[in-house]
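Please look over the sequence and the structure before reading on.

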Amino acid sequence: ELIKPMVHYIEQRGGRVLLRMPVEKVRRIGQGYEISTHYRKQRTQFYAQRLVSAIPLNNTLALFDSSKLERTYRKRLMHSPQLYSAFQAGLVFRRRKHFGCLHHQLLLPAPLPQIGARSFFLSLSHPHDTLRCKASEVVASVSAHIPDPAHTPVSDKEQLLRIIEQSLIEKGFFERGDLLYAHTSTARSWEKWTGRQWGFVGGYPQYRHIKPWQMVDARFDGAGAYICGDTTYPGQGIAGACLSGMIAVQKMKLDGMADVRRAKGAKKPEEIFRQKAEKSYL
Ligand SMILES: Cc1cc2nc3c(=O)[nH]c(=O)nc-3n(C[C@H](O)[C@H](O)[C@H](O)COP(=O)(O)OP(=O)(O)OC[C@H]3O[C@@H](n4cnc5c(N)ncnc54)[C@H](O)[C@@H]3O)c2cc1C
């Protein structure tokens with residue numbers, strides 16, 4: 001539901017949202033880019049004068065496969081030990097009361113086994129939200145950090161779920177036997193669903209030793225490619241990802257590249273690029 005107004009906004013302005021078209025390669029051609037997508041047996045190519053990558057820096061670099069860009073980002077690229085994934089549980093439980101606060105962080109008496117998280121986050125559905133469950137039920141989303149996702153396998157999700165259930169019972173959110181439904185996901189699920197390397201989520205943490213101006217900038221290659229999302233300044237979370245997108249737009253404007261309208265009769269980008277020699281400067 002959340003995405004529909006955004007799709008509508010894009011389509012109202014002549015844009016198109018193409019689903020199930022994961023980009024597998026980006027190649028610099030002349031002053032533009034050739035973008036190759038591959039889904040099941042379907043391969044499609046697009047040509048663009050500028051592009052904005054809204055996926056993590058790690059994934060974006062893999063798409064460009066450029067040693068020059070690898071060198072540029074060598075120091076800023078974060079690896080699994082610096083990153084986090086999430087153990088997530090979607091729950092439905094019987095409503096016994098109305099909660100004054102919908103979002104909680106619960107501190108645990110001992111770190112969670114397997115992942116070492118010392119707390120978890122809990123978000124509850126609004127009492128008037130009967131779209132997702134009955135008025136007599138509550139939908140809850142629980143998440144806990146998984147450090148170093150490439151090297152922290154979760155082999156027993158049920159064990160984590162039981163500890164979280166017990167904790168919620170002890171804190172008075174519901175009583176034993178009230179849990180009606182539960183599903184869980186870990187780094188492997190996030191990697192599958194979002195394509196993010198190692199299934200890391202939440203973005204690049206704001207470490208104390210990294211100054212804001214040392215973080216990844218919106219101008220990805222210094223030419224027509226830009227980057228935004230939770231690995232780009234200011235990073236981390238929904239708010240950071242949105243701000244990074246706004247910054248990318250501002251920088252495109254400053255670079256004189258924000259006007260994407262084509263003059264009447266002007267050639268389509270792909271026509272221009274096809275005429276150019278296929279030389280890659282990267
Ligand atoms: C369990 C959990 C709880 C969280 N809780 C919070 C919270 O409470 N508050 C908060 O602020 N943040 C929270 N976050 C983090 C927040 O969800 C992310 O930081 C944010 O969604 C990142 O947005 P993004 O647009 O940068 O990246 P993504 O959300 O990863 O979006 C990237 C999109 O690109 C698509 N994609 C990937 N690869 C390709 C490709 N090759 N070609 C085409 N498309 C591709 C993906 O399918 C995806 O739709 C949470 C995350 C998780 C997993």
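## Helix α2 and what covers it

Helix α2 is followed by D65, a residue whose phi is positive, near 45°. The model in which this is seen is a predicted one. The helix itself spans residues 57–64 and is mostly covered, with seven of its eight residues buried. Those buried residues are L57, N58, N59, T60, L61, L63 and F64.

Several elements take part in covering the buried residues of α2. Among them are the strands β1 (23–29), β2 (32–39), β4 (51–53) and β10 (225–227), along with helix α3 (67–72).

## The chain as a whole

The protein chain has 282 residues, and 39% of them count as buried. Its secondary structure comes to seven helices and 10 strands. Taken along the principal axes, the C-alpha atoms fill a box of roughly 70 × 40 × 40 Å.

The accessible surface of the chain is about 17,600 Å², and carbon and sulfur atoms account for 54% of that surface. Among contacts with a separation of 6 or more, 63% are between residues 24 or more positions apart.

## Two domains

The domain assignment of the protein chain gives domain 1, made of 3–78 + 209–275, and domain 2, made of 81–194. Taken over C-alpha atoms, the centres of domain 1 and domain 2 are 33 Å apart.

## The ligand and its shell

The ligand is surrounded by 17 residues, of which V23, T194, R196, D230 and I238 are the closest. By class, this shell has nine nonpolar, six polar and two charged residues. Domain 1 and domain 2 each give at least three residues to the shell.

A polar backbone atom of V23 is 2.8 Å from a nitrogen atom of the ligand. For R196, a polar side-chain atom lies 2.6 Å from an oxygen atom of the ligand. A polar backbone atom of I238 is 2.8 Å from an oxygen atom of the ligand. Taken alone, the ligand exposes 1,000 Å², and the protein buries 58% of that area. The elements that give two or more residues to the shell are β5 (84–94), α5 (187–194) and α6 (237–254). Of the elements around the ligand, α6 gives the largest share of the shell, three residues.

## Two single residues

T37 lies in strand β2. Is T37 buried or exposed? T37 has a relative accessible area of 5%, and because buried means under 20%, it counts as buried. Leaving aside neighbours within four places in sequence, T37 is in contact with M21, P22, V23, E24, Q42, R43, T44 and F46. V23, one of these contacts of T37, is also among the residues closest to the ligand.

C101 is found in the loop between β5 and β6 (103–107). Its relative accessible area is 38%, so C101 is partly exposed, a class that lies between the cut-offs of 20% and 50%. Along the chain, C101 and G202 are 101 residues apart, and their C-alpha atoms are separated by 23 Å.

How values were computed:
Residues numbered from 1 in each chain as written. Predicted model: local features only at pLDDT ≥ 70, side-chain atom pairs only at ≥ 80, totals over all residues. Heavy atoms only, no water. Near = heavy atom within 4 Å. Polar contact = N/O pair within 3.5 Å; in protein donor to acceptor, adjacent residues only side chain to side chain. Areas by Shrake-Rupley, 256 points an atom, 1.4 Å probe, with all protein chains shown as cover. Helix = DSSP H or I, 4+ residues; strand = E, 2+ residues; numbered from the N terminus. Nonpolar A, V, L, I, M, F, W, Y, C, P; charged D, E, K, R; others polar. Domains from an automatic or database assignment. Buried < 20%, exposed > 50% of the residue type's maximum accessible area, 1.4 Å probe, protein only. Contact = heavy atoms within 4.5 Å.
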